[in-house]
Amino acid sequence: MWKFRGYAWLLGATLLCALPSGVAQPLARAGFDVERSWLGFEVRTRFGQRLMGEFPRYEGRVETLPDGRHRVHLRVATGEAVIPDRPRYTSWMHGQSFFDSVRYPWMEFVSDPYSPALLREGGPLKGRLSLRGVTRDEELMVLPAPCLQPGRDCDIQVVGAIERADYGMREWQFALTGEVRLEVRVRLRGDGQ
């Protein structure tokens, strides 16, 4: 696993599709505290340069299901992604060869149901990521928490990576590696964890 220096991202978002019959309906939900949460990403060039960015606009929530498990919904505005102090790279990321933000303004992630213990103990978080009109199964990694109430007393930290080509981002292969690394640091607000 790569090392993060307090940057990079996770993705996410509210896939508001109808739940099929027999799927547990949520009992409670807690929203992301957008003032204390952070979503970032990293793309590396083939020349060893790291392009580190962040997603300043997003919506996220965690639902508590009747069986006690949780499900996270995350929705990220791709057109507001920014690489600080790099306006040319920021503009390029919004364009057709990367996020194509005009046609696909949102990136969304909905997790599979998971045990609340995952947030304390760490482990894989599986779910469906929708980006540029493509939806795929992805697996992210929740890092073990240094507190008893992650999201309240400390950040919930999630890292992962996706392959650009899986989502139609095949341009710039000569200049960029195929992997986009993600990091999310989440604090929660609302009526449950």
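I took a salt bridge to be a side-chain nitrogen of Lys or Arg within 4 Å of a carboxyl oxygen of Asp or Glu, and by this rule I counted 17 salt bridges. The model is predicted, and I kept to its limits: local features need pLDDT of at least 70, side-chain atom pairs count only at pLDDT 80 or more, and totals for chains, interfaces and linings use all residues. Residues are numbered from 1 along each chain as its sequence is written, and side-chain values use heavy atoms, with hydrogens and water left out.

**Salt bridges**

I looked up Glu108 and found its side chain in a salt bridge with that of Arg75, at 3.3 Å from N to O. Glu108 lies in strand S6 (residues 106–111) and Arg75 in strand S5 (residues 70–77), so the pair ties together parts that are 33 residues apart in sequence; strands here are DSSP runs of E of at least two residues, numbered from the N terminus. For accessibility I used relative accessible area with a 1.4 Å probe and protein chains only, buried being under 20%, exposed over 50% and partly exposed in between. Glu108 is buried at 12%, while Arg75 is partly exposed at 21%.

I then turned to Arg103, which forms a salt bridge with Asp100, their closest N and O atoms being 3.6 Å apart. Arg103 is exposed at 54%, whereas Asp100 is buried at 5%.

In the pair Glu139 and Lys126, the closest N and O atoms of the salt bridge are 3.9 Å apart. This pair links distant parts of the chain, with Glu139 in strand S8 (residues 134–142) and Lys126 in strand S7 (residues 123–131), 13 residues apart. Glu139 is partly exposed at 44%, and Lys126 counts as partly exposed at 45%.

I also noted a network of salt bridges that links Glu42, Arg44, Arg50, Glu179 and Arg181.

**Disulfide**

I found one disulfide in the structure, taking the term to mean a pair of cysteine sulfur atoms within 2.5 Å. It joins Cys147 to Cys154 with an S to S distance of 2.0 Å, and the torsion about the S-S bond is about -70 degrees, so the disulfide is left-handed. Cys147 is buried at 18%, and Cys154 is buried at 7%.

**Arg187**

I placed Arg187 in the loop between strand S10 (176–186) and strand S11 (188–190), and I noted that Arg187 is buried at 15%.

Note on methods
Helix = DSSP H or I, 4+ residues; strand = E, 2+ residues; numbered from the N terminus.
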